[in-house]
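Me: I have a chain open on screen and would like to talk through its fold. Could we begin with the sheets?
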Amino acid sequence: MSKLEIDSDDDNWRLVCPNGHTSVAPTNNHFWCRSCANHWDPEVDPEYDVVIDGETGEKYSRDDLELDFTAPGVYHA
Ligand SMILES: [Zn+2]
């Protein structure tokens, strides 16, 4: 499987959570969705092991994602 490279703010929209939100932030070992976190349903877990590429629809794990940590707004610990 190829890697998904996120190296600028413009690429951030490609990270889509399984519930269709584009407010996904990659952290050290998983993904965190701000929209899911704001959801009141306690069944919703805002942390995900996979993220969907909004451009291709392919799923990527955190290990498949390459981030440029120097790009502003890309990385949110
Ligand atoms: Zn979400």
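Reply: This is a predicted model.

Me: How many bridges join S3 and S4, and in which sense do they pair?
Reply: S3 and strand S4, residues 31-33, are joined by 3 bridges in the antiparallel sense. Within this pairing, Ala-25 lies opposite Trp-32 of S4.

Me: Which strands make up the sheet that contains S6?
Reply: That sheet is open and antiparallel, and its 3 strands follow the order S2-S6-S7. S2 and S7 are the edge strands, each pairing on one side only.

Me: What holds S2 to S6 there?
Reply: Strand S2 (residues 15-16) pairs with strand S6 (residues 50-53) in the antiparallel sense, over 2 bridges. Leu-15 stands opposite Asp-53 in S6, and Val-16 stands opposite Ile-52.

Me: And which residue of S7 is the bridge partner of Val-51?
Reply: The partner is Tyr-60. S6 pairs with strand S7 (residues 59-61) over 3 bridges, again in the antiparallel sense.

Me: What lies between the strands of the S6 and S7 hairpin?
Reply: The hairpin has 5 residues between its strands, and Gly-57 there adopts a positive phi near 80°.

Me: Which residues does Cys-33 contact, setting aside neighbours within four places in sequence?
Reply: With those neighbours set aside, the contacts of Cys-33 are Cys-17, His-21, Ser-23, Val-24, Pro-46 and Tyr-48.

Me: Cys-17 is on that list. What does Cys-17 itself contact, on that basis?
Reply: Leaving out neighbours within four places in sequence, Cys-17 is in contact with Val-24, Phe-31, Cys-33, Cys-36, Tyr-48 and Val-51.

Me: Where is Leu-15 relative to Cys-33?
Reply: The two are 18 residues apart along the chain, and their C-alpha atoms are separated by 9.7 Å.

Me: Which residues form the largest nonpolar core?
Reply: The core has 12 residues: Leu-4, Ile-6, Leu-15, Val-16, Cys-17, Val-24, Phe-31, Cys-33, Cys-36, Val-51, Ile-52 and Tyr-60. Strand S1 (4-6), S2, S4 and S6 are the elements that give two or more residues to this core.

Me: Stepping back, how many helices and strands does the chain have?
Reply: The chain has 1 helix and 8 strands. Read from the N terminus, its elements run β-β-β-β-α-β-β-β-β.

Me: Finally, what share of the residues is buried, and what share of contacts with a separation of 6 or more joins residues 24 or more positions apart?
Reply: Of the 77 residues, 18% count as buried. Among contacts with a separation of 6 or more, 49% are between residues 24 or more positions apart.

Definitions and conventions:
Residues are numbered from 1 along each chain as its sequence is written. This is a predicted model: local features need pLDDT of at least 70, side-chain atom pairs count only at pLDDT 80 or more; totals for chains, interfaces and linings use all residues. Two strands pair if DSSP finds at least two bridges between them. Helices (H or I, at least four residues) and strands (E, at least two) are DSSP runs, numbered from the N terminus. Two residues are in contact if their C-beta atoms, placed from the backbone, lie within 7 Å. A nonpolar core is a set of buried Ala, Val, Leu, Ile, Met, Phe, Trp, Tyr and Cys residues joined through C-beta atoms within 7 Å. A residue is buried if 20 or more other C-beta atoms lie within 10 Å of its own, exposed if 12 or fewer, and partly exposed in between; C-beta atoms are placed from the backbone.
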